[in-house]
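Take a look at the model below. The tour starts with its rings and then turns to its metal sites.

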Amino acid sequence: MVAMKKTTLVLGTLAALAVLALTVGGLVIYRGTYDISATSQHLQPVHSLLETTMRQSVRLRARDIATPPLDDVQRLARGAALFRDHCVQCHGAPGVAQSGFGQSMQPVPGPLVDALQRWRPREIYWITRHGIKMSGMPAWQFRLDDEALWDVVAFVNLLPTLSPQAYAQATRDAGPAPRRADAAPLRAGQVERGKLALGQYACQACHTIPGITSSSPNVGPPLAGLASRSHIAGKLANTPENLVVWVRDPKAVKPQTAMPDMGVSELDARDMAAYLATLR
Ligand code: HEC
Ligand code: HEC
């Protein structure tokens, strides 16, 4: 009897605490109490918690990645050019400040000269490839091919040893950055990769697309049921080949269209078409 009363009391207290927590949480969210501005700092404990979550997440996911040799001179030269074109704007470099938008981000992207104290090369590769959600670190998987990703990791590895003069010289001498190899052999479209590609080319910024999280934008038509439509943009017969044509160069199909050229490669467009074909 007594034991049962005790259990009821404990359960009752827990339920009351849960209701209280939900109410406080709800008030903070719905009354707009939480300051989401990038001019307000995270509290130090919150910042540390977020950082630990990020570190552990990266470590787990990068565990099994094999690292190629990183000290090849040509690889380092390509890495220098890639770093100069894609990373220094946010992260800065020896003797170079990051640009204005890099300086005023929250969390602020740090100089990568000390990245090796926290990360193994395979983890830097993973971060560069996948980006970091809810920070400004972009994913480069669809912008740089695998070789280029390792090139830039190799250069980040070298960074702590470079004086400002050596950095300036390395990036000056490096020539143009390698372009993404779009020469990957063409194959039939892959549905799952297509879904990933739609997100990585920001199609959901304008279209509501089933299966892809977005704020339900209304700039372009919703793509639900696309596979059942007879025409694409009212112009082209709806075939997978035509969908690739449209996605890669909408203006060539319809000169006045508001849909921009998103710089989609042929292979990525095929994969997107494969996913869009599942939207009946
Ligand atoms: C638009 C800005 C932006 C660009 C461009 C950018 N980054 Fe980042 N990066 C960030 C932000 C923001 C973070 C997260 C900082 C944090 O959470 O502490 C970050 C974090 C990182 C980290 C983890 C850093 C650490 O010290 O723990 C690495 C490594 C990294 N970026 C590499 C790169 C590389 C390599 C490139 C170029 C291919 C690049 N970043 C381009 C914004 C950027
Ligand atoms: C800046 C906004 C914007 C972005 C980003 C965008 N679109 Fe569009 N899209 C449009 C607009 C506007 C239309 C309507 C075009 C028209 O009919 O002239 C459209 C039309 C389409 C259509 C034809 C829809 C139909 O009902 O016929 C498809 C398919 C499509 N977009 C796919 C994509 C894909 C895939 C991407 C990403 C690579 C993308 N869009 C990115 C604005 C955008």
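Which residues form one aromatic cluster? Phe83, Phe155 and Tyr167 do. This is a predicted model: local features need pLDDT of at least 70, side-chain atom pairs count only at pLDDT 80 or more, and totals for chains, interfaces and linings use all residues. Residues are numbered from 1 along each chain as its sequence is written, chains are lettered from A and ligands numbered from 1 in the order in which they are written, and side-chain values use heavy atoms, with hydrogens and water left out.

Stay with the rings. The whole structure holds five aromatic pairs. Rings of Phe, Tyr and Trp (for Trp, its six-membered ring) pair if their centres lie within 6.5 Å; planes under 30 degrees apart count as stacked, over 60 as edge-to-face and the rest as tilted. Tyr125 and Trp150 are stacked, because their ring centres are 4.2 Å apart and their planes meet at 10°. Tyr125 sits in helix H6 and Trp150 in helix H7, so this pair ties together parts that are 25 residues apart in sequence. Helices (H or I, at least four residues) and strands (E, at least two) are DSSP runs, numbered from the N terminus. Tyr125 is buried at 7% relative accessibility, and Trp150 is buried at 5%. Buried means under 20% relative accessible area, exposed over 50%, and partly exposed in between (1.4 Å probe, protein chains only).

Phe142 and Tyr201 make an edge-to-face pair, with 6.1 Å from centre to centre and 70° between the planes. Phe142 belongs to the loop between H6 and H7, Tyr201 to the loop between helix H9 (191-200) and strand S1 (231-232); the two are 59 residues apart. Phe142 is buried at 2%, and Tyr201 is buried at 3%.

The charged end of Arg143 sits over the Tyr201 ring, 4.8 Å from its centre. Arg55 does likewise over the ring of Trp119, at 5.9 Å from the centre. A charge sits over a ring if NZ of Lys or CZ of Arg is within 6 Å of the ring centre and within 35 degrees of the ring normal.

Now the metals. What are the protein donors of the iron atom of ligand 1? They are His91 (NE2) and Met137 (SD), lying 2.0 to 2.2 Å from the iron. His91 lies in helix H4 (residues 88-91) and Met137 in the loop between helix H6 (121-130) and helix H7 (146-158), so the pair joins parts 46 residues apart in sequence. Donors are N, O and S atoms within 2.8 Å of the metal (3.2 Å for Na, K and Ca); water is not among the atoms, so sites may look incomplete. The six donor atoms here give angles of 87 to 178°, and the site is octahedral. Six donors count as octahedral if opposite donors are over 155 degrees apart and all others between 65 and 115. His91 is buried, at 15% relative accessibility.

His207 lies in the loop between H9 and S1 and Met259 in the loop between helix H11 (250-253) and helix H12 (266-276), so they tie together parts 52 residues apart in sequence. His207 and Met259 are buried.

Definitions and conventions
Tetrahedral: all angles 85-135°; square planar, octahedral: opposite > 155°, others 65-115°.
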